[in-house]
Amino acid sequence: MAKIRCVCGDIVRDDDPQDSMYFLTNAEFDVDAPGIELFGKATLVVRCPECERLWFWGENGVYREYTKAWERES
């Protein structure tokens, strides 16, 4: 289990069943392979339940943050 403190202050954990997911590109998904093989190619992504930032876990525990584009009021 890995966890980090999000910039909003909330703790984000990779074992949270509601906010952790795995992403595959279309090219990775569009193959004739068993599910376990696809799982090994997927990128772990965790959503902060507080601010909805997405944290992408990479190799060696390095992660990247992506934020939602908010609508601006006129």
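This is a predicted model: local features need pLDDT of at least 70, side-chain atom pairs count only at pLDDT 80 or more; totals for chains, interfaces and linings use all residues.
**View 1. Leucine 44 and the residues around it.** Setting aside the neighbours within four places in sequence, leucine 44 touches Asp14, then Ser20, Met21 and Tyr22, and finally Trp55, Phe56 and Trp57. Leucine 44 is also one of the nine residues of the largest nonpolar core.

**View 2. The largest nonpolar core.** Which nine residues make up the largest nonpolar core? They are Ile4, Cys6, Val12, Leu44, Val46, Cys48, Cys51, Trp55 and Trp57. Two elements, S4 and S5, each give two or more residues to this core. Looking at the whole protein chain, buried residues make up 19% of its 74 residues.

**View 3. The four-stranded sheet.** Here you can follow an open sheet whose four strands come in the order S3-S4-S5-S6, paired antiparallel. Strand S3 (20–23) and strand S6 (63–66) sit at the edges, and each of them pairs on one side only. Going from one strand to the next, the twist averages 30°.

**View 4. Where S3 meets S4.** Zoom in on S3 and strand S4 (residues 43–47), and you'll find four bridges joining them. The two strands run antiparallel. What stands opposite threonine 43 of S4? That's phenylalanine 23.

**View 5. Arginine 53 in its loop.** Arginine 53 turns up in the loop between S4 and strand S5 (54–57). The side chain of arginine 53 makes a polar contact of 2.5 Å with the side chain of glutamate 65. Again leaving out neighbours within four places in sequence, arginine 53 has quite a list of contacts: Cys6, Val7 and Cys8; Val46, Arg47 and Cys48; and Glu65, Tyr66 and Thr67. Among them, Cys6, Val46 and Cys48 also belong to the largest nonpolar core.

**View 6. Stepping back to the whole chain.** How many helices and strands does the protein chain have? Count two helices and six strands. Trace the chain from the N terminus and the elements go β-β-β-α-α-β-β-β. Take the contacts between residues at least 6 apart in sequence: 37% of them join residues at least 24 apart.

How values were computed
Residues are numbered from 1 along each chain as its sequence is written. Side-chain values use heavy atoms; hydrogens and water are left out. Two strands pair if DSSP finds at least two bridges between them. Axes are lines fitted to C-alpha atoms, for helices over the stretch in contact, and angles run from 0 to 180 degrees between N-to-C directions. A polar contact is a pair of N or O atoms within 3.5 Å; within protein, one must be able to donate a hydrogen and the other to accept it, and residues adjacent in sequence count only if both atoms are side-chain atoms. Contact means heavy atoms within 4.5 Å. Buried means under 20% relative accessible area, exposed over 50%, partly exposed in between (1.4 Å probe, protein chains only). A nonpolar core is a set of buried Ala, Val, Leu, Ile, Met, Phe, Trp, Tyr and Cys residues joined through side-chain atoms within 4.5 Å.
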